[in-house]
Amino acid sequence: MKDEKSKIKTHNYLWAMLNHKCPRCREGALFCDSSSYRLKTFMKMNKNCPVCGQKTELEQGFYYGTGYVSYAITVAFSVSTFVAWWVLVGISIGDNRIFWWLGTNIILMLVFQPYFMRLSRAVWLSFFVSYDAGWRSEAGLRSKSDPEGTTY
Ligand SMILES: [Zn+2]
């Protein structure tokens, strides 16, 4: 039993978030569309995790709070590009290099925006739903006693 358990590969938190996976099992996709760039459907979420059955919208308007996460991600991203620019290109008040960074950063943020929006939702959900190593044994029980997945 112990060997069997250790054989099952579990993903870490960072991997699960970056790939928009369910925070409870870290395997099921939170979003219906695997691509962040099909702009008509990219924000459509599965009602329940297809793997463990975890509900993805815990209450009405649950995802309003993602604004805070999105803000943090945007700031972190901008700081990273600023540092990278500083190291690779250099920042000076004598020329326009800082404005080139600003423009580049804006373009990069626009390009990554759909991905960041999905990432914010995944991170936000992970604040309320923690990883459950025993989800496999519970999944069977849940589908019988709670087919709607309303308890979590
Ligand atoms: Zn799941």
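This is a predicted model: local features need pLDDT of at least 70, side-chain atom pairs count only at pLDDT 80 or more; totals for chains, interfaces and linings use all residues.
**Whole chain.** Start with everything shown as cartoon. The protein has five helices and zero strands, in the order α-α-α-α-α. Colour by burial next: of the 152 residues, 18% count as buried. Then look at contacts between residues at least 6 apart in sequence. Of these, 60% join residues at least 24 apart.

**Helix α4.** Select residues 97-128, which form α4. Go to Gln113. A kink of about 55° lies there, shortly before the proline Pro114. Now move along to the buried residues of this helix: Arg118, Leu119, Ser120, Arg121, Ala122, Val123, Trp124, Leu125 and Ser126. What covers them?

**The core.** Select Cys22, Cys25, Leu30, Cys49, Cys52, Val69, Leu119, Ala122, Val123, Trp124, Leu125 and Trp135. These 12 residues make up the largest nonpolar core. Helix α4 supplies five of them, the largest share.

**Ala122.** Stay in the core and centre on Ala122. Which residues does Ala122 touch beyond its neighbours within four places in sequence? Show Met17, His20 and Leu30: Ala122 is in contact with each.

**Helix α5.** Finish with residues 135-145, helix α5, and pick out Arg136. Is Arg136 buried or partly exposed? Arg136 counts as partly exposed, because it has 14 C-beta neighbours inside 10 Å, where a buried residue needs 20 or more. Last, draw a C-alpha to C-alpha distance from Arg136 to Val51. The pair is 85 residues apart in sequence and 9.1 Å apart in space.

Note on methods
Residues are numbered from 1 along each chain as its sequence is written. A nonpolar core is a set of buried Ala, Val, Leu, Ile, Met, Phe, Trp, Tyr and Cys residues joined through C-beta atoms within 7 Å. Helices (H or I, at least four residues) and strands (E, at least two) are DSSP runs, numbered from the N terminus. Two residues are in contact if their C-beta atoms, placed from the backbone, lie within 7 Å. The bend at a residue is the angle between axes fitted to the seven residues ending there and the seven starting there.
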